[in-house]
Amino acid sequence: MSDGVERNTRAIEGSVVTDFADRMSYGGYLDLDTLLAAQRPLSDPEHHDELLFIIQHQTTELWLKLVLHELSAACRLLREDQLAPALKCIARVKHIQKTLTEQWSVLATLTPAEYVQFRGVLGNASGFQSAQYRAVEFTLGNKNAGMVRVFESDPAARALVTGALEAPSLYDEFLRMLARSGYAIPAEILDRDVTQAWTFTPELVPIFTEIYADPGAHWAAYETCEELVDLEDNFQLWRFRHLKTVERIIGFKTGTGGSSGVPFLQRALQLTFFPELFAVRTEIGR
């Protein structure tokens, strides 16, 4: 304080790199020029809250890209009977899911009066058209071939969704791994048409009952079952938070993509990925 004024600053260490004329920088590595130029509000004059709406959904898509990356790796690792690294991928997905669920609280600060001022510029754009979200659902087993036609005008998106439709789901790969490990998974399940949505299969419940009856003897299978239950729980919480955020902002209006809005989202809560892993809970202790 040579001049009597406290300096609330931190000196830059001499070893800190400051010349990036011929070096990789933070912005260069992340391609921030491209990333930060991707938010282009369409309202005219630009509405203050449209930037929030765009960033919320772009951020979601970035996280979904990582979810797909991790789930694809988990499926591959299960095929290779590498359970431990597969579970690491699933653990990362669970953390991403929590972030995605919490993120709805940011969008929920958008009031109906604010949203209605720029909703019209969305046209028919809707999260229903998210190819990555659909691919995640398909990878977890909620398959619906009819959804592919939403992406007919976008070859890359159609390829992504079709690939997820035609590939075995995470649950398919888990059941195949169980079969290779000696569990009596019925052949018709192992040979099923993987493009079809998974439906409750009662023949699996006794197998899971055996696993849950003696976790120590079946620890690898038991732990994986619980990780999958966590995935489904997290996904349902995300769906519910989505529903309540939509209800809070637009009430019971129809969606921009043409859906019934809140009622459509309510029906999604009835969808399940791993029904036998919940059914087995009724059998435990009987």
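Analyst: Start with a definition: angles under 35 degrees count as roughly parallel, over 145 as roughly antiparallel, 65 to 115 as roughly perpendicular and the rest as oblique. This is a predicted model, in which local features need pLDDT of at least 70, side-chain atom pairs count only at pLDDT 80 or more, and totals for chains, interfaces and linings use all residues. Residues are numbered from 1 along each chain as its sequence is written, and side-chain values use heavy atoms, leaving out hydrogens and water.

User: Why are α10 and α11 called roughly perpendicular to each other?

Analyst: Look at the angle. The axes of α10 (residues 205-213) and α11 cross at roughly 110°. That value falls in the 65 to 115 range, so the two helices are roughly perpendicular. The axes also come within 9 Å. An axis is a line fitted to C-alpha atoms, for helices over the stretch in contact, and angles run from 0 to 180 degrees between N-to-C directions.

User: What makes the contact between α10 and α11?

Analyst: Contact means heavy atoms within 4.5 Å. On the α10 side are Phe-208, Ile-211 and Tyr-212. They meet Ala-221, Tyr-222, Cys-225 and Glu-226 of α11. By class, the residues are 6 nonpolar, no polar and 1 charged. Ala, Val, Leu, Ile, Met, Phe, Trp, Tyr, Cys and Pro count as nonpolar, Asp, Glu, Lys and Arg as charged, and the others, Gly among them, as polar. Glu-226 is therefore charged by this rule.

User: How do you know how many helices and strands the chain has?

Analyst: Helices (H or I, at least four residues) and strands (E, at least two) are DSSP runs, numbered from the N terminus. By that rule the chain has 13 helices and 0 strands. Its C-alpha atoms fill a box of roughly 80 × 55 × 40 Å along the principal axes.

User: What makes α3 roughly parallel to α6?

Analyst: Again, check the angle. The axes of α3 (residues 50-79) and α6 (residues 131-140) cross at roughly 25° and come within 9 Å. That is under 35 degrees, so α3 is roughly parallel to α6. α3 supplies Glu-61, Leu-64, Lys-65, Val-67, Leu-68, Leu-71 and Cys-75 to the contact. α6 supplies Gln-132, Tyr-133, Ala-135, Val-136, Thr-139 and Leu-140. These divide into 9 nonpolar, 2 polar and 2 charged.

User: Which hand does the crossing of α3 and α6 have?

Analyst: α3 passes α6 in a left-handed crossing. A crossing is left-handed if the near helix is turned anticlockwise from the far one by less than a right angle, and right-handed if clockwise. α6 also passes α11 in a left-handed crossing.

User: Which residues of α6 and α11 meet?

Analyst: Tyr-133, Val-136, Glu-137 and Leu-140 come from α6. Leu-231, Phe-235, Trp-238 and Arg-239 come from α11. This contact has 6 nonpolar, no polar and 2 charged residues. The axes come within 12 Å and cross at roughly 145°.

User: Why is a space called a cavity or a pocket?

Analyst: On a 1 Å grid over the protein atoms alone, a cavity is a set of points where a 1.4 Å probe fits but cannot get out, while a pocket is an open set with protein on both sides within 12 Å along at least five of seven lines. Here, 2 cavities of 30 Å³ or more are found. The largest cavity has a volume of about 120 Å³. About 40 Å³ lies in the second largest cavity. A volume is the space filled by probe spheres set on grid points, which are joined across faces, edges and corners.

User: What lines the second largest cavity?

Analyst: Asp-172, Leu-175, Arg-176, Ile-189, Leu-190 and Trp-198 do. α8 (170-180) gives the most, with 3 residues. The classes are 4 nonpolar, no polar and 2 charged. Asp-172 and Arg-176 are the charged ones, because Asp and Arg count as charged.

User: What makes up the lining of the second largest pocket?

Analyst: Among the residues are Leu-68, Ser-72, Cys-75 and Arg-79, as well as Ala-135, Thr-139 and Leu-160. α3 gives the most, with 4 residues. The lining has 7 nonpolar, 3 polar and 1 charged residues. This pocket has a volume of about 180 Å³.

Definitions and conventions. 1 Å grid on protein atoms, 1.4 Å probe; cavity = no way out; pocket = protein on both sides within 12 Å on 5 of 7 lines; lining within 4 Å.
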